Amino acid sequence: MEKNSNHAKIRLHDLIVGLLYGISVVLAFTVNIQWLYMAGAVAFLQIISPLTKFCPVYFILNKLMPGTDPLQNGR
């Protein structure tokens, strides 16, 4: 059970990050090219999170899903 809920958390993380990238690209094409800064910020956080062991999305998911193992919690 715990393993499945951890997999669900990882999939939810991937969904959220993918949506942020997709929304950024759509807004860049339709509204203003500067929306690509949002994609750049998400990419920067994904690159730096293995080094810092902190991910804002996992931070929120760890609070919303207390029955799972904390992932990327800064330890």
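The model is predicted: local features need pLDDT of at least 70 and side-chain atom pairs count only at pLDDT 80 or more, while totals for chains, interfaces and linings use all residues. Residues are numbered from 1 along each chain as its sequence is written, and side-chain values use heavy atoms, with hydrogens and water left out.

The secondary structure consists of three helices and zero strands, in the order α-α-α from the N terminus. Helices (H or I, at least four residues) and strands (E, at least two) are DSSP runs, numbered from the N terminus. The C-alpha trace spans about 45 × 25 × 15 Å along its principal axes. Of the 75 residues, 21% count as buried, where buried means under 20% relative accessible area, exposed over 50%, and partly exposed in between (1.4 Å probe, protein chains only). The chain exposes about 5500 Å², of which carbon and sulfur atoms supply 70%; accessible areas come from the Shrake-Rupley method with a 1.4 Å probe, and for residues only the protein chains shown count as cover.

Helix α2 covers residues 36-52, 17 residues in total, and reaches 24 Å from its first C-alpha to its last, close to the 24 Å expected at 1.5 Å a residue (the expected span is 1.5 Å times one less than the number of residues). Its buried residues are A39, V42 and S49. Just after α2 comes K53, in the loop between α2 and α3. The phi of K53 is near 60 degrees, a positive value in a residue other than glycine. K53 is partly exposed, with a relative accessible area of 43%.

The largest pocket has a volume of about 170 Å³. On a 1 Å grid over the protein atoms alone, a pocket is an open set of points where a 1.4 Å probe fits, with protein on both sides within 12 Å along at least five of seven lines; lining residues have an atom within 4 Å of a point. Grid points are joined across faces, edges and corners, and the volume is the space filled by probe spheres set on the points. The lining includes H13, V17, L20, V42, S49 and Y58. Two or more residues each come from α1 (2-30), α2 and α3 (56-64), and α2 gives the largest share, four residues. By class, the lining has eight nonpolar, four polar and no charged residues; Ala, Val, Leu, Ile, Met, Phe, Trp, Tyr, Cys and Pro count as nonpolar, Asp, Glu, Lys and Arg as charged, and the others, Gly among them, as polar.
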